[in-house]
Amino acid sequence: MTTGAKPVGAEDEAAAARAVQQMFDAIAPRYDLLNHVLSANVDRLWWWRTARRFRTVLERPDAAVLDICCGTGDMTMALLKHRPAGARPILAADFARGMLSRGARKFGAGERKAGQAYAVPLEADALHLPLRSGSLDLIVSAFGFRNLANYEAGLREFNRVLKPGGQLGILDFSEPGGLMGKAYAVYFRRVLPAIGRAICGEDGPYSYLPRSVGNFPAPAEMVKLMGATGYTDAAWQPYTFGIAGLYTGTRSAVA
Ligand SMILES: C[S@@+](CC[C@H](N)C(=O)[O-])C[C@H]1O[C@@H](n2cnc3c(N)ncnc32)[C@H](O)[C@@H]1O
């Protein structure tokens, strides 16, 4: 059974987390460019669909919302589109300062018109959130959860900070099956790392990506894990032939 991300050379969870943090800090200056090139901008559609799925919560001005593993902030920006003027700011958290500081330039109060919804950057580890238990209405994570050193611990920590009835959305890659899956695997495992290496100038991050997706629990396993860690109605909605997908669940009244 998979426990969490395992970057090459990381012997334990602390080392895995450090390796992930250093990797994202290193690629931060080129992260947005690479993302859009490698996904042919389909990533924008995925963020948009994820935000739309939670619009009922987002439209409530008092809703307490966390975008965890926010990185350079594109998921946060999609969530903000559904926030009314004067709404409580979204918390946008990440543990890689290089990523978070770029995000803050996009979603911070400084970039907004008076009254327009904004997000507050928070440098924090997803496995140890500096937030009160039962304080959040919604947690969203886009392409970050897969990088956690311990998936079960991550789901339990999110459960701790969600209110009973609070919602969780995890957008991440998966490995599609069938013929489409075979064709995609060639792109994902061979072409993508080569393009990443050419733009980024280093090998690590973009060979880590397909490995980390291969290591991530399959949808049925993730849904089961969510059920076992205190979420009701756990489900997975595939996006774009299952290349990516959205996990959703509700914090049960009894944790
Ligand atoms: C692939 S990026 C995704 C960024 C953004 N959400 C997006 O959709 O483009 C993954 C992010 O997760 C962050 N991350 C990974 N593990 C984390 C942890 N334990 N705590 C906080 N952030 C973490 C990384 O620093 C990185 O910025």
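This is a predicted model: local features need pLDDT of at least 70, side-chain atom pairs count only at pLDDT 80 or more; totals for chains, interfaces and linings use all residues.
**Figure 1. Polar atom pairs between protein and ligand.** The side chain of Y31 places an N or O atom 2.9 Å from an oxygen atom of the ligand. Two further pairs involve ligand nitrogen: a polar side-chain atom of D125 lies 2.9 Å from a nitrogen atom of the ligand, and a backbone N or O atom of A126 is 2.8 Å from a nitrogen atom of the ligand. On its own the ligand has 600 Å² of accessible area, of which the protein covers 98%.

**Figure 2. The largest nonpolar core.** This core has 78 residues. The members that touch the most other members are I68, I139, F145, F158, L168, F173 and Y206. Helix 1, spanning residues 13-39, gives the most to the core, with nine residues.

**Figure 3. Surroundings of F158.** F158 is one of the core members that touch the most others. With neighbours within four places in sequence left aside, F158 is in contact with I68, A126, L129, I139, F145, L148, L168 and Y231.

**Figure 4. Position of A253.** A253 is in the segment after strand 7, which covers residues 244-251. A253 counts as exposed because its relative accessibility is 65%, and the cut-off for exposed is over 50%. The C-alpha atom of A253 is 8.3 Å from that of K163, a residue 90 positions away along the chain.

Notes. Residues are numbered from 1 along each chain as its sequence is written. Side-chain values use heavy atoms; hydrogens and water are left out. Helices (H or I, at least four residues) and strands (E, at least two) are DSSP runs, numbered from the N terminus. Buried means under 20% relative accessible area, exposed over 50%, partly exposed in between (1.4 Å probe, protein chains only). A nonpolar core is a set of buried Ala, Val, Leu, Ile, Met, Phe, Trp, Tyr and Cys residues joined through side-chain atoms within 4.5 Å. Contact means heavy atoms within 4.5 Å. A polar contact is a pair of N or O atoms within 3.5 Å; within protein, one must be able to donate a hydrogen and the other to accept it, and residues adjacent in sequence count only if both atoms are side-chain atoms. Accessible areas come from the Shrake-Rupley method with a 1.4 Å probe; for residues, only the protein chains shown count as cover.
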